[in-house]
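Good morning. I will take a few minutes to go through one model, and you can follow along on the screen.

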Amino acid sequence: MVNIIKRINLLSLLFFISFTFAKETEAPSQDLKSEIRAYIKHHLEDTYDFNLLSYTAQDGHKVHIGMPLPVILWDEGLTIFSSSKLHHGETVAQVGDRYYKLDHGKIYRTDAAGTIDYDENHHATNIAPLDFSITKNVFTIIVTALLMFFLFKGLAQSYANNGMIAKGVGRFFEPIILHIRDEIAIPNIGEKHYKKYMSYLLTLFFFIWFLNILGLTPLGINVTGNIAITFSLAFLTFLITNFTAKKDYWMHIFWMPGVPKIMRLALAPIELLGVIIKPFSLMIRLYANISAGHIVLMSLIGLIFIFKNWFGSTLSFGLAFAISIIEILVALLQAYIFTVLSALYFGFAVEEHEHEEAH
Amino acid sequence: MEKLISEFSFGLFFWQLFIFVGLVLLLKKYAWKPILDTVNERETSIKDALGAAADARKEMEALQEDNQRILKEARAEREALLKDARATGAQLVEQAKADAQKEADRILTQAQAALETEKAAAIEDLKRQVAGFSLEIAEKVLQSELEDHKKQTALVEKLLKDVNIK
């Protein structure tokens, strides 16, 4: 804990130092712009170590502040080493008799010299081992999962210890849990079936919300703006929808009741496509919203350094501040929308039509 | 789209799926189920308590109504009793008065009768005495007539004058 506080202090200190440096060094504007662009692009990607801050020291040597995370590769056998060996892609990591190098955010097997061959599309042709590394995003997910587990376990226990009344921070979360039950699950799924989806919906909502909020902290985390994360969440919604679907749901997809026979044939592929499109839209919506938020926010912060005059920088700061506040709202809103739509799709899956032919 | 696919990291997907599913299951067991159960239980108990309170209030109202009715009845009964008692009292007084009158009348009649008897007896007695006196007078007259006729006549007259019958 003390370590983290120290690190944050260091971070803010270094931030101010780098801020003053930016003012003093007269770098060409074009260079700064591309640097900021590269920085934003880098920020949106997942990394192998938990990097808090990188800057170029006066001797031109790049300094990275953060902590290394374990790299786990399946390369004809399990290979585990610390990400500090990769040196942010600057050097080749030697593990046993194999060599690995980081190139454009991916780990490739190379020779001792670290040569990476590219094809005509500028894709690396080196062997990319199966990568199960505990990356920055995985690490953040684990931390969030632990936080959620202890938070809600604490809430559950506080009921037992306090006569069915929530205590402490649980008092804040209990109305949200009730809201998800009463305003999201029950109206969309129905009184009869909502219970079996509650665990998923609650976990989903808080997971996305917490990660969205964590993405707004200066730790530089972008988990929910990562396509693999949103894909896995949408994939789970897709699986749950289709595996818990009742007969009526499939009936409405393949043989729509109440329309002429020829229309039924035409509707079936459209409806089937809808089954895929629904979770796909979930995936893209969350990804795009969070990524866009991060890009806009970081661009505005970058503008402060590009303008370098009191008017433009102040304006950029004001805008960045306003967008930050909006992003806090978006963080909640996107978690809410993902949960509501998931609940809605579950509702379609278990919907029961009493008058089948009356449509 | 190509960018999205190139950005996709299978390792991250794997970990996310693994951790998230694990989290759902763990939270279900240790958090969501106890929380939702408790909340449900609490809601049921609140609903029950409210129902019980409403019932109690209804019962109370019924009881109050009952009380009011009983009170009203009691008041009416008291009224009736009082009225009855008053009537009875008046009747009693009336009766007593009548009785007293009757008694008084009877006593008066008795007294009058006694007086009559007394009077009759007195008259009888007087008559007897008068007869006695008459006899005495007649005796004395007869004796004096034998001595002096004149004197006898004067005596009789004098005697008769004395005997004054009222």
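**A walk through the model**

Start with one pair of residues: in chain A, Val95(A) sits opposite Arg98(A), which belongs to β6(A). Keep in mind throughout that this is a predicted model.

That pair is part of a contact between two strands. β5(A) and strand β6 of chain A, residues 98–103, are joined by three bridges and run antiparallel. Step back, and there is an open sheet of three strands in chain A, in the order β5-β6-β7, with antiparallel pairing. Which strands stand at the edges? They are β5 (93–95) and β7 (106–110) of chain A; each has a single partner strand, so one side of each has no neighbour in the sheet. On average, neighbouring strands of this sheet are turned by 35° against each other, direction ignored.

Now the division of the chain. Chain A is split into domain 1, which covers 70–133, and domain 2, which covers 138–358. Taken over C-alpha atoms, the centres of domain 1 of chain A and domain 2 of chain A are 34 Å apart.

Next, the cores. The largest nonpolar core has 60 residues. Ala185(A), Tyr197(A), Leu201(A), Phe205(A) and Ile208(A) are the residues with the most contacts inside this core. Which elements give two or more residues to it? From chain A they are α3 (136–161), α4 (170–189), α5 (195–215), α6 (227–243), α8 (261–307) and α9 (310–350), and from chain B there is α2 (10–147). The largest share, 13 residues, comes from α5(A). Another core lies apart from this one; it has 11 residues, including Tyr48(A), Phe50(A), Leu73(A) and Tyr100(A).

Leaving out residues up to four places away in sequence, Leu201(A) touches Ile180(A), Ile184(A), Ala185(A), Thr339(A), Ser342(A) and Ala343(A).

Last, the contact between the chains. How many residues does each chain give? Chain A gives 33 residues and chain B gives 28. On the side of chain B that touches chain A, the elements giving two or more residues are α1 (2–7) and α2 of chain B. The largest share of that side, 24 residues, comes from α2(B). By type, the residues on that side of chain B divide into 20 nonpolar, four polar and four charged.

Key. Residues are numbered from 1 along each chain as its sequence is written. Chains are lettered from A and ligands numbered from 1 in the order in which they are written. This is a predicted model: local features need pLDDT of at least 70, side-chain atom pairs count only at pLDDT 80 or more; totals for chains, interfaces and linings use all residues. A nonpolar core is a set of buried Ala, Val, Leu, Ile, Met, Phe, Trp, Tyr and Cys residues joined through C-beta atoms within 7 Å. A residue is buried if 20 or more other C-beta atoms lie within 10 Å of its own, exposed if 12 or fewer, and partly exposed in between; C-beta atoms are placed from the backbone. Helices (H or I, at least four residues) and strands (E, at least two) are DSSP runs, numbered from the N terminus. Two residues are in contact if their C-beta atoms, placed from the backbone, lie within 7 Å. Domain bounds come from an automatic or database domain assignment. Two strands pair if DSSP finds at least two bridges between them. Axes are lines fitted to C-alpha atoms, for helices over the stretch in contact, and angles run from 0 to 180 degrees between N-to-C directions. Ala, Val, Leu, Ile, Met, Phe, Trp, Tyr, Cys and Pro count as nonpolar, Asp, Glu, Lys and Arg as charged, and the others, Gly among them, as polar.
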